[in-house]
Amino acid sequence: MDTFQDVLFKLKKYWSDRGCIIQEPFDLEVGAGTMAPETFLRVLGPKPYRVAYVQPSRRPADGRYGENPNRLYKHAQLQVILKPSPEDVIAQYLASLEAIGIDLKKHDIKFEEDNWESPTLGASGIGWQVMLDGLEITQFTYFQQCGGIDLDLVPAELTYGLERLTAFLQGKDSVYDIEWAPGVSYGDVRLADELQSSVYNFELADVPTLWKLFGLHEGECQRLLALYPDYPQKHRFPVLPAYEQVLKCSHLFNLLDSRGAISVTERVAVIGRVRKLALGVAQCWLDQQTAPAETPEQMPAGTAEIGQ
Amino acid sequence: MSVPFLLEIGTEEIPDWMIEPALAALESSFVQLLATDRVPAGTIKTDATPRRLVLRAAEIPERQPDSEELVSGPPVSAAFKDGQPTGAALGFARKMSVEVSALERIETPRGEYLACRKLTAGRATRDILSEALPQLILGIPWPKTMYWEGKNGARFIRPIRWLVALLGGDVVPFSIAGVASGNVSSGHRQLGAAQIPVTVEDYDRQLYENGVIVEARIRRTKIGAEIDGMLADKCLKAREDHALTETLTYITEQPTAILGSFDPEYLSLPAEVLVTVMRHHQKYFSVEDDGGALAPHFIAVMNTNADPDGLVRRGNERVLRARFNDARFFWQVDQQKSLADRVAGLAHVTFQAKLGSYLDKTRRVQKLARKVARMAKADPGPVERAALLAKCDLTTDMVKELTELQGVMGGLYARAQGEPDEVWRAIYDQYKPESMEDAIPATVSGRLLSLADKLDTLQGCFRIGLVPTGSKDPFALRRAAQGVVRILVEGKLGLPLSKLANGDAALVEFLLDRVRYYFKDVRGFRYDEVNAVLAAGAEDLTDVESRLVAIQAVRPTGDFEPLAASFKRIKNILRQAGYTGGAAIDPAILEAGPEADLHAAFERLRSRVGRFRKKKNYEPALEAIASLRPQVDLFFDKVLVNAPDPAVRSNRLSLLHELFSESSAIADFSEIVTTQ
């Protein structure tokens, strides 16, 4: 029986063999793998790209003090971006399930309509939730828009829910009983984090401090975005750090929400503020990608073409 | 010669609910294409699975029929001079590429002209299809489309991955978004080959051997038969669920039913919760015993042919267990706070930005509920209490998780918290009827609450200008209005429509639209009957219904339609004369014969008709009016309304006017479309 980490290793190897860069998790709080710059920014613009990474994803409101067998504050997603999407993308996806030991001939797979939309990121896509024997294991999305920009190279985004997939493979009813490594359970590794984070998120997080932090990060992002139009050497401009400020705001918003500090009327307005920042960053990034480089040595790092 | 045609559009998984409308659109545009090109269509048949839309025609001619056209040229008078063709004739013959001797002469109203019979050979059907199919396919309307080949690329519901187009033995060549048509289909993702060469003749068999049942009808039957088969000897039966069967038919290429079980201890949860989890979240049929009680089983339909090791069953059982655990947790936690204690919390749930929170809505609905209860002469107590608690379940974890259970959960929690029957049942039923098939609330309080809730939404949205346009109706106002109409009619609530609409003329008109739809399309009354009855008054819908039933009953009798035709004539005469009534009939100047006879017959009937009408006994009232037909006919036959003597004329108009008003309180007969 594969451990949690075996499943990760195998999926990463599988996608690495299909031309994906294997990235490490993004090192700031995000609500989903989509929000990491490896997805949010890389899907923009004309450059093909293939990447896979595990992304711990934080959703404060989903925390259950470690008491619910299926709900987690922080769960791990395997995020795969194939830009542009290959024609046999679904066949490749199904083969990845076989790679972790699921004999497709003995199971029931269904693709159920599920179109994805993130108002905060100005992003949306068309796709399915993939059901394995009645369990949703993957969100499959053809990106259509990101940061308010229509995407010309349509990427396929595969998001695997790693805990539930492993619980399925190991036949466990609770994610905490999953074997993470030989002799070590998921609960051994993560339970304290779930409990303590739930206490913080629901009970102790200081609302005025969160609002203040939200304002500071928003201000910093706005300040940076305002500098861009007149900034002389575009490729040096800190778009990525500006985006990090957006992610901070997004996480703070989620925290405030789980503290019950955002009224319904405020909610739309606050989402609108984060969205405005995200759209601004997306525009800068796209502009930067297509701006003429000053000299070859000044080409921004990390934009080499990687793909099939 | 005629040959069969096969078109298969191979795609990634199409949402199940979009498939049938898409097939209908595909078929109708194909028929239209053939009609435009004068190709006889023959029998056309469509089929689909989630991954393919299929259109087949049994026989299509290989060629369009040849066509003949008569092109007219110069007049004969200008075409020949002294028996010799002029330049005009020679020019025309040259243009048509024939000798002058081959030209014909035709007679026209303007004289004799030269003409040329031009034969055009019919085009090959294959060429016509090859040109037209890409547009035809991409023209299928979908609720939401996507692009996959760049933002200026083709748009379809999901990416097109292969195309089969065969006319007889030949491929009809075309391509869409880089996919060229051919003769290669694709099998079931797990059970078949990815590439299967097919012919028109062996298509079904090839796909069947590769795990795909092409016909929805067969998949549907397979699901039903397997469910019956597995429950037959267990004294159990699956709850009928047509919509779920359709979903499963179109979400599978190879449906196979399996029976799973859950721990009977979950049966202590409300059946509504268990069924909703199974149906909406897992697409399972629920199972009941002989007595109709929920049994600890479910039926899942797989998209594969077997579950030999029971892996799929166990997987589904585990998922259901987790969901039931959640539900049990919510059921317990939610009851730690009573509905009454949740009212204040509704201030934090937005109903609509301009219409305020659900607390605001609750206050308005309470007031409105009291008002309609008084109008209906019902006890306002239970309705008001129900209105106060009605929306509180929106703050419960169960409803946040299982939104389909709003209202129902409120009712169940209210019952558990000791609210009286009238109150909890009203809360339980508040969103009914949710569709045309759904029943209206079971109790009077339930009907009044549902009415008040829907009217508040309608009044509010109309006040701030959120009126549905075209297919856009984000607040489901049509459904709300339809619910209002059905509750009034089927709940026998004779409340005045204009008061319910709070005097908003646009809202009254909106409701009347639903009234027309309801009586015509749902109840099956003829449109002219509905128009006739509504023209005579539409305030009280129960009365509208009674009048419609009466008209429908009287209409087949021999006197009715001819009388309706006469009433149309009366209405025209009165309108032309600008007569609006008022003057009493003077019996002294009635001419003996048909005029006096009509008057006498009318007078004899009048009080009887009035009595019937008062008692809303419309059928005998209409029969009595219809019995006047011989006198009316004779009157129009023999009497000149437009008599030279103004007094006589005006007296005759008065007679007609009174006759007309007496009947038009029931229906405006002039709206009846007669065959005469």
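In this predicted model, strands β11(B) and β12(B) pair in the antiparallel sense over two bridges. The hairpin that they form has two residues between the strands, and B:Gly168 there takes a positive phi near 60 degrees. Strand β11(B) also pairs with β1(B) and with β14(B).

**Strand β11 of chain B and its partners**

- Strand β12 of chain B covers residues 170-171, and within this pairing B:Asp170 is the bridge partner of B:Leu167.
- Strand β1 of chain B, residues 2-11, runs antiparallel to β11(B) and is joined to it by seven bridges.
- In that pairing, B:Leu163 of β11(B) has B:Ile9 opposite.
- Strand β14 of chain B, residues 179-182, runs parallel to β11(B), with two bridges between them.
- B:Leu163 also stands opposite B:Ser181, a residue of β14(B).
- Strand β11(B) spans residues 160-167, and six of these eight residues are buried, so the strand is largely enclosed by the rest of the structure. A residue is counted as buried here if 20 or more other C-beta atoms lie within 10 Å of its own.

**Domains of chain B**

- Chain B is divided into domain 1 (2-64 + 124-209), domain 2 (77-119), domain 3 (216-329), domain 4 (340-524) and domain 5 (550-671).
- Between the C-alpha centres of domain 2 of chain B and domain 5 of chain B, the separation is 67 Å.

**Domains of chain A**

- Chain A has two parts in its division, domain 1 (4-201) and domain 2 (206-293).
- The C-alpha centres of these two domains of chain A are 24 Å apart.
- Domain 1 of chain A gives 22 residues to the contact between them, and domain 2 of chain A gives 22 residues.
- On the side of domain 1 of chain A that touches domain 2 of chain A, 12 residues are nonpolar, seven are polar and three are charged.

**Contact between chain B and chain A**

- This contact involves 29 residues of chain B and 32 residues of chain A.
- On the side of chain B that touches chain A, two or more residues come from each of β9 (146-147), β20 (294-303) and α9 (311-334) of chain B.
- Helix α9(B) supplies the largest share of that side, with eight residues.
- The side of chain B that touches chain A comprises 12 nonpolar, nine polar and eight charged residues.

Technical notes
Residues numbered from 1 in each chain as written. Chains lettered and ligands numbered in written order. Predicted model: local features only at pLDDT ≥ 70, side-chain atom pairs only at ≥ 80, totals over all residues. Domains from an automatic or database assignment. Contact = placed C-beta atoms within 7 Å. Nonpolar A, V, L, I, M, F, W, Y, C, P; charged D, E, K, R; others polar. Helix = DSSP H or I, 4+ residues; strand = E, 2+ residues; numbered from the N terminus. Buried ≥ 20, exposed ≤ 12 C-beta atoms within 10 Å, placed from the backbone. Pairing = 2+ DSSP bridges.
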